[in-house]
Amino acid sequence: KMIAPQMRNAVIVSEDAAFWDHKGIDWVELRNSFETNIEKGRIARGGSTITQQLAKNVYLTAEKSILRKVREAVIALRIERRYDKNLILEKYLNVVEFDKGVYGVKAAAQHYFGVSPANLSIAQSAWLAFLLPNPKKYSVSYHKNKLTPFAFKQMSEIIDRLARFKRITEDEKASATRQARAFFG
């Protein structure tokens, strides 16, 4: 049942750095996403908080529309009023997709590494956090048994953020980066 703290932290630093501070919607991130999307003329950046992603995954479809985003925001605000942050994070990690047909951190930890979520290493946690924006696309390294340069770069960035936010030491960062480089092949 326990989820390793490094897994929780890796997801927060990669998906929603302001998770502990916002009330369900990160208005700064939302504005930045809106501006990027207007500039690019397409949905190039999401800007959803972990709470909004939980709302979408549990209560809504993946349809990209303004109405769905409004519904997602309303549900996220309700979730934040009703539940504490630790429970929100745990629920998110238990429903999110990590590969085709692989939902929840318990299934993902077993699928990729043959371990329980409590025993995930920093590098393994960085891999799982890296997958979240697009697990079907990003799991290609695993399926080809070769870590792509893009995957390694993203995992390294997550590991670096963990160190910058003082969630791991510099020694742990160096060790996790070495372990990440050796993934898959």
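## Exercises on a buried helix and its core

Met-7 touches Leu-93, Phe-98, Val-105, Leu-120, Ser-125, Leu-128 and Ala-129, leaving out residues up to four places away in sequence; contact means heavy atoms within 4.5 Å. The model is predicted, so local features need pLDDT of at least 70 and side-chain atom pairs pLDDT 80 or more, while totals for chains, interfaces and linings use all residues. Residues are numbered from 1 along each chain as its sequence is written, and side-chain values use heavy atoms, without hydrogens and water.

**Exercise 1.** Name the residues that touch the most other members of the largest nonpolar core.

*Solution.* Recall that such a core joins buried Ala, Val, Leu, Ile, Met, Phe, Trp, Tyr and Cys residues through side-chain atoms within 4.5 Å. Among its 49 residues, Met-7, Val-11, Phe-98, Trp-127 and Leu-128 touch the most other members. As for elements, α7 gives the most, with 8 residues.

**Exercise 2.** Decide whether Glu-72 is buried or exposed, and list its contacts.

*Solution.* Glu-72 sits in α4 (residues 66–82). With a relative accessible area of 1%, Glu-72 is buried. Beyond neighbours within four places in sequence, its contacts are Ser-48, Gln-52, Ala-55, Lys-56 and Leu-60.

How values were computed
Helix = DSSP H or I, 4+ residues; strand = E, 2+ residues; numbered from the N terminus. Buried < 20%, exposed > 50% of the residue type's maximum accessible area, 1.4 Å probe, protein only.
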